[in-house]
Amino acid sequence: MEKTKRKKLLKGIYVVATICIIVLFVALNPGSYNIANVLKQMNLWWALLAVASALLYWFSESVVLEYVTDKLAKKMGFWLTFKIVMIGFYYSAVTPFASGGQPAQIVYMKRDANIPVGQSTSIFCIKFILFQYAVIFCAIIALIFRGNYYYKMQPHIFWISLLGFFFSLCLMIGMALLMLRPSLVNKVGGGIIKLLAKMRIVKNPDSANSSLAKTMDDFRISIEFSLKHIKQILGISIMSLVQVFIFFSTTFFIYKSFGLTGSNYFDIMALSTFLYLTISFIPIPGSSFAAEGGFLLFFSPIFVDGTLTLALVIWRFLQYYSHFFVGGLFVLVDGVGIGRKRKRKIAKTSE
């Protein structure tokens, strides 16, 4: 119990520390003197659309999860689904690679909806795979139509984006190989674990190999389901693509709220996709500091006239800190509710 409390405290301290660093950056940034004037000139309707797009992303995540769960397991109900989504956002926000979100959601789905762990794992595997494919699709379109421009005008963005795209593509190829050549993936994965164990990065290679085998099995089951239910998978794919557009639209609405007109929706969508691919493999909770640095690097030519710093703060709050605070509230309320149920149960047994 003490260890769990210590972990939660450290996670809270980490997030508060990142907020303090951002506040300090804003305070010390020479371009921040103009923030008050920029705020006065902001278009409220576009700003509200930015907030609405962030909320709509939460809603769309719940809709997709409810749809997949209904097809693969059983109907769970929208509000329970929404609670599980928000709890997943919280644990994703406080763990490296956002790795804690899905395991937490699996636990809650088992506890609250009695969905077996194997089924819920398959559900999240399918969601993850299709969302990644949707992002890759957007990145390919962006590279085809805007890649040459960034290569000539902003080569640093082009090459960083290409690196992020390469990592994501490797992940997708790995998933395809898992379906076609599982023995090869097992050998490569085992070899990497062995190498990391020799470098003393992996301390328990047996446990790592067991985790690899379980993960491979989960993905294999998910892929087999996908091949048998093409119609449903197509529906989830379209929903995932819509989700990606909603998620990346937030930055465009922030841009328009400042009254800026130099770039169109597709330009900002392309940069948002590139930024996502670049920072998603940073092994820090919330990709902190890399996300902020990436935003400043990618969007400095777009957010002009002293709007960049404020744009960063609004964007980061809507796409990360809101997940931590609102998701944390759901975790807290759920914990209080469970605590009360346990007390009532103990009181009844003692009577």
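**Close-up views of a predicted helical protein**

**Asparagine 114 in the loop between helix 5 and helix 6.** Asparagine 114 is exposed, because its relative accessible area is 53%; exposed means over 50% of relative accessible area, buried means under 20%, and partly exposed lies in between (1.4 Å probe, protein chains only). The loop that holds asparagine 114 runs between helix 5 (101-113) and helix 6 (117-153), where helices (H or I, at least four residues) and strands (E, at least two) are DSSP runs, numbered from the N terminus. Although asparagine 114 is not a glycine, its phi is positive, at about 55 degrees. Most residues other than glycine have a negative phi. The model is predicted, so that local features need pLDDT of at least 70 and side-chain atom pairs count only at pLDDT 80 or more, while totals for chains, interfaces and linings use all residues. Residues are numbered from 1 along each chain as its sequence is written, and side-chain values use heavy atoms, with hydrogens and water left out.

**Aspartate 305 in the loop between helix 12 and helix 13.** Here the loop lies between helix 12 (290-299) and helix 13 (308-350), and aspartate 305, which is not a glycine, has a positive phi near 60 degrees. The relative accessibility of aspartate 305 is 61%, and therefore this residue counts as exposed.

**The whole protein, as a setting for the close-ups.** Of the 351 residues in the protein, 44% are buried. The protein exposes about 19,000 Å², and carbon and sulfur atoms supply 69% of that area, as computed by the Shrake-Rupley method with a 1.4 Å probe, where for residues only the protein chains shown count as cover. Among contacts in the protein with a separation of 6 or more, 76% join residues 24 or more positions apart, a contact being heavy atoms within 4.5 Å. The mean pLDDT (the predictor's confidence in each residue, from 0 to 100) of the protein is 81, and 80% of its residues reach 70 or more. Helix 1 (residues 2-28) has the lowest mean pLDDT among the elements, 60, whereas helix 3 (residues 44-72) has the highest, 93. Where pLDDT is low, the predicted coordinates should not be read in detail.

**Helix 3 and its residue glutamate 66.** Within helix 3 stands glutamate 66, which counts as buried because its relative accessibility is 16%. Not counting residues up to four places away in sequence, glutamate 66 touches Lys75, Gly77, Phe78 and Thr81.

**Helix 10, with isoleucine 233 and threonine 250.** Isoleucine 233 is found in helix 10 (residues 230-257) and counts as buried, because its relative accessibility is 11%. The C-alpha atoms of isoleucine 233 and valine 68 are separated by 8.8 Å, although these residues are 165 residues apart along the chain. Threonine 250 also has its place in helix 10, and at 2% relative accessibility it counts as buried. Leaving aside neighbours within four places in sequence, threonine 250 is in contact with Ala50, Ser53, Ala54, Leu318 and Gln319.

**Alanine 270 in helix 11.** In helix 11 (residues 265-279) we find alanine 270, which counts as buried because its relative accessibility is 2%. Alanine 270 and phenylalanine 248 are 22 residues apart in sequence, and 8.9 Å lie between their C-alpha atoms.

**Cysteine 138 and cysteine 170.** Cysteine 138 has a relative accessibility of 8% and therefore counts as buried, whereas cysteine 170, with a relative accessible area of 36%, is partly exposed. The structure holds zero disulfides, a disulfide being a pair of cysteine sulfur atoms within 2.5 Å.
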